[in-house]
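Here's a quick briefing to read alongside the sequence and the 3D view. Have both open as you go through the points.

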Amino acid sequence: MGRILEIDLSAKSAWTTPTSEELIRDFVGGRGFVAKLLWDLVPKGTDPFSAENVVVIAPGPLSGVYLPGSGKVHMGAKSPATGGYGDSNMGGHFSPEVKYAGYDAITVKGKAAKPTVVLINDDWVTFEDAGDVWGKGAIASEALLKKRFGEDFQIATIGPAGENLVKFACISHDFGRQAGRTGVGAVWGSKNLKAIAVRGTKSIPIAEPGKAFEKGKEMYAGCFHKRGFETWTPYGTAEVVDWVNRVGAFPTKNFSETYFEGHKGINGQALKDRIKVTDKGCFGCPTPCGKYSRARTALGEVLVEGPEYETIALMGGNVALGKIEEVAYANAVADELGLDTISGGNVVAFAIECFEKGLLTEEQVGRKLAWGDLGSVVYLLEKIARREGIGELLSEGVRTASRTIGGGSEKFAIQVKGLEWSGYEARWAPAMMVSYMTCDVGAHHNRSWAITYDVAKGRDTLEGKASRVIELQHIRPTFDSLGLCRLQWVEIGFELENYASMFPLVTGISFTWQDLLRASERTWNLTRAFSAREVPGFGREHDYPPGRFMEEKVPSGPAKGKVIPREKIDALLDDYYSERRWTRNGLPSRSKLEELGLGYVADELEKAGYSV
Amino acid sequence: MCLLTCALTNFGLNNPRYGGLEIVPHFPSPGTYEVKVCQRCGACKDACPTGAIKEQPDGSYRVEVDECLGCDSCVDACPEKVLRLIPGKNVAFICVSCGECVKYCPREALVDGDGEVKRA
């Protein structure tokens, strides 16, 4: 058991508390710790940009340990994008370093008087001036801070978008890994927190070190002999571009279409053949999906990690860029500015569609906008990150922007709960649709990537979809709680039981996989409750997809003619709530909360006026 | 992975910075990695003030633990920067060619003394 490091930026002080075994048993670590600590530490009704909001940084109990994919860290805060629960995770080498410094989690509250880098060198925490990097790009800042503090510090930083409180600003690390979603980077910016640099020289305490090391070796060797081991890495996540087009789910022109004619110009093969410099792995990864690329375009040459699938979908198909070099260029611009490429791609596409429909004028925007035009994309990203001109409105995200612009634009503001939609269009994929609708942070795919289930079980049927989504919403976030990457399981078929048998060897807690899933369900109910506590009138209304998906038929491609009318959406929600034993309004019921040991949460929700 | 494999195999320490090899990343530009391993150049032996570092018949070098002062001279002299002081013991550690890093390199970037890849 380690410690939790608590930092107060206002007081420039830091202290530690021991991590209780009860906290690990109930919430495991990582995302589970983020959920519990935010529930406990963020006062109800806190403005996400106020000093009272709390940043939680949590590796998991298996982070930094010798097993595949042990390099993930969770970054949480009350989300400025949604006003509810927010977290985002990233790979790289930050997570293990936090563990080597001796911490199971870090919390940061308050606001620094001036731009600050928090330097964590084992037990020593200091507050360093960030004046020289404030205003600089995220990648440039990391390079400068490495030079200043030393190569063996792991650094997480924000870019200008975070400093300027753009609601989809990300946290960047390892020259291209990002905690991109829910605007966590803007919360750092609101605290004048430019970066955290950490160095740890300790060993992780392990309950049964010999057995754990042997198990780790067995797991690696197991991965080496999986069928997908050799085929996955050369292309990484970009491999999936062709498949998503084939099944008619590829975001194209602001999700108005679901098949991108130019997809061969931006797929895994194009990436590998035309721009890849090297594979770039996160800590402990046997199958690195990271690709480092060099791309030349008419606007110039960039070096960038990526583009990953999500960036290709949202900054490729969704804005109709058909050349992998141009997608890489847009990716590099977004990374340096510190913008999430998923939300960024959505916002840019939304603006282009508004321009096409005459809802935004050349005068308002400052130039013409067009599909497939890299100049339009880069122009908007820069305006957004600096909140200049049209960027001021767009930096709020598509939900807020559409409310201001009006003219029916709400229907093609592609978001749920205020978070823009990631890379799978779902009009003909009910399980994927309900995944996006009910994801606790908004329209994100990582909690339940159920589109393969739709393809396998029938894409028109609703039956069994909600229950598969619930199952996935417990399995996948378990990796997030353990501090692990799930891609060895998802992509090369490495068995889940391996992770379960490692957990007791490391922690000394004799949990089974079922126990871990139970903790995951507890976390899921708590994050839902957090959003209900923080967002007035929260419930079913916050789970609906945008009007486009319920009213407009897919115009072309493999999913031509498909739409998912509101009655089907309601049927999916009814199934989902009932299986979760939530109320018809989508709130965790008292009996479910009590069964999970969360009676105190039910009390809070009732106090807030909800009937549970 | 190679670093952590080494640190765990040789010291039982779960922290890659104690591995007896080094990965030097060059990012953001040009975007490459350098992997450094002991080249058996003997610079450590030459720098050792007590003669504690001995050349072995196979061309590798070993530290006589009783003769090592933990003075860091060899660590500074190593051109590859892959020598370490064993944490808590204050004696030098030089790669013992156990081959574990080779076995667990998933990308087959490391080879053994015969130039062969032997992945687990």
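**Quick tour of chain A**

Start with the buried part of helix 2 of chain A: Gly30(A), Arg31(A), Gly32(A), Phe33(A), Val34(A), Ala35(A), Lys36(A), Leu37(A), Leu38(A) and Trp39(A). Keep in mind that this is a predicted model. From that helix, we'll move on to a sheet and then to the nonpolar core.

**Helix 2**
- Ten of the twelve residues in helix 2 of chain A are buried, so the rest of the structure largely encloses this helix.
- Helix 2 of chain A covers residues 30–41, and going from its first C-alpha to its last takes you 16 Å, close to the 16 Å expected at 1.5 Å a residue.

**The open sheet**
- Six strands of chain A line up as 2-1-6-3-4-5 in an open sheet with mixed pairing.
- At the edges you'll find strand 2 (13–18) and strand 5 (85–90) of chain A; each has a single partner strand, so one side of each has no neighbour in the sheet.
- From one strand to the next, the twist averages 20 degrees.
- Strand 3 (residues 55–58) and strand 6 (residues 103–109) of chain A run antiparallel and are joined by three bridges.
- Look across from Val55(A) and you'll see Val108(A), which sits in strand 6 of chain A.

**The nonpolar core**
- The largest nonpolar core has 236 residues, and the ones touching the most other members are Val56(A), Leu339(A), Ala351(A) and Leu381(A).
- Leaving aside residues up to four places away in sequence, Leu381(A) touches Val333(A), Ala334(A), Leu337(A), Leu339(A), Gly344(A) and Val348(A).

Technical notes. Residues are numbered from 1 along each chain as its sequence is written. Chains are lettered from A and ligands numbered from 1 in the order in which they are written. This is a predicted model: local features need pLDDT of at least 70, side-chain atom pairs count only at pLDDT 80 or more; totals for chains, interfaces and linings use all residues. Helices (H or I, at least four residues) and strands (E, at least two) are DSSP runs, numbered from the N terminus. The expected span of a helix is 1.5 Å times one less than its number of residues. A residue is buried if 20 or more other C-beta atoms lie within 10 Å of its own, exposed if 12 or fewer, and partly exposed in between; C-beta atoms are placed from the backbone. Two strands pair if DSSP finds at least two bridges between them. Axes are lines fitted to C-alpha atoms, for helices over the stretch in contact, and angles run from 0 to 180 degrees between N-to-C directions. A nonpolar core is a set of buried Ala, Val, Leu, Ile, Met, Phe, Trp, Tyr and Cys residues joined through C-beta atoms within 7 Å. Two residues are in contact if their C-beta atoms, placed from the backbone, lie within 7 Å.
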